[in-house]
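I opened the notebook to go through one chain, from its overall make-up down to single residues. The sequence and the structure come before my entries.

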Amino acid sequence: MATQIPDKMPKIPAAETREVYEERVKAELDRLNARIDEFKAKADQAKAEAEINYRNAMEEITAKRDALALKWEEMNSSGEAAWKELQKGFESAWNELANSFEKASKKFDW
């Protein structure tokens with residue numbers, strides 16, 4: 001049974017608070033980390049010839065996840081005015097990561 005690929009980051013209604021947004025993002029980051037662990041386990045089980053492809057996909061996804069984490073830290077250390085502007089960049093990085101997951105999922109039939 002294939003695990004669902006992550007959805008694109010939902011648009012946050014204007015009435016929602018920063019705290020609710022942060023809780024949602026933290027939950028999604030935990031979900032992404034679980035998926036990365038799952039992908040690593042699959043790569044460990046892959047045949048030698050396919051392992052290189054798995055590893056390359058994991059390196060790309062992990063790098064994007066790390067970039068996302070840096071944007072998240074930047075957002076959380078910012079003031080309220082800058083936070084809203086940084087949120088746009090964070091959501092763009094989130095979408096890039098989700099697209100990488102989708103691409104790898106289709107390529108490796110996960």
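What percentage of the 110 residues in the chain is buried? I worked from a predicted model throughout, and in it buried residues make up 35% of the chain.

Overall make-up. I looked up the secondary structure and found 3 helices and 0 strands, which read along the sequence as α-α-α. For the surface, I noted that the chain exposes about 6900 Å², and that carbon and sulfur atoms supply 52% of this area. I then turned to the contacts with a separation of 6 or more, and 74% of them are accounted for by residues 24 or more positions apart.

Helix α1. I checked the span of this helix, residues 18-45, against its length: at 1.5 Å a residue its 28 residues should span 40 Å, and the end C-alpha atoms are 41 Å apart, which agrees. I listed its buried residues as R18, Y21, E22, V25, E28, L29, L32, R35, I36, F39 and A43. I set beside this list the general point that an α-helix has 3.6 residues a turn, so residues three or four places apart point the same way.

Helices α1 and α3. How do the axes of α1 and α3 cross, and within what distance do they come? I found that the axes of α1 and α3, the latter being residues 80-108, come within 13 Å and cross at roughly 25 degrees. Because angles under 35 degrees count as roughly parallel, α1 is roughly parallel to α3. The crossing of the two helices is left-handed. On the α1 side the contact is made by R18, Y21, E22, V25, E28, L29, L32, R35, I36 and F39, and on the α3 side by E80, W83, Q87, F90, E91, W94, L97 and F101.

L68. Is L68 buried or exposed? This residue lies in helix α2, and L68 is buried, with a relative accessible area of 0%. Leaving aside neighbours within four places in sequence, I found L68 in contact with L29, L32, F90, A93, W94 and L97; of these, L29 and L32 of α1 and F90, W94 and L97 of α3 also take part in the contact between those two helices. I also noted that L68 and S92, 24 residues apart in sequence, are 9.3 Å apart from C-alpha to C-alpha.

N53. My last entry concerns N53, which lies in helix α2, residues 48-76. With 34% relative accessibility, N53 counts as partly exposed. The C-alpha atoms of N53 and A43 are separated by 8.8 Å, the two residues being 10 apart along the chain, and A43 is among the buried residues of α1.

Technical notes: Residues are numbered from 1 along each chain as its sequence is written. This is a predicted model: local features need pLDDT of at least 70, side-chain atom pairs count only at pLDDT 80 or more; totals for chains, interfaces and linings use all residues. Side-chain values use heavy atoms; hydrogens and water are left out. Helices (H or I, at least four residues) and strands (E, at least two) are DSSP runs, numbered from the N terminus. The expected span of a helix is 1.5 Å times one less than its number of residues. Buried means under 20% relative accessible area, exposed over 50%, partly exposed in between (1.4 Å probe, protein chains only). Contact means heavy atoms within 4.5 Å. Accessible areas come from the Shrake-Rupley method with a 1.4 Å probe; for residues, only the protein chains shown count as cover. Axes are lines fitted to C-alpha atoms, for helices over the stretch in contact, and angles run from 0 to 180 degrees between N-to-C directions. Angles under 35 degrees count as roughly parallel, over 145 as roughly antiparallel, 65 to 115 as roughly perpendicular and the rest as oblique. A crossing is left-handed if the near helix is turned anticlockwise from the far one by less than a right angle, and right-handed if clockwise.
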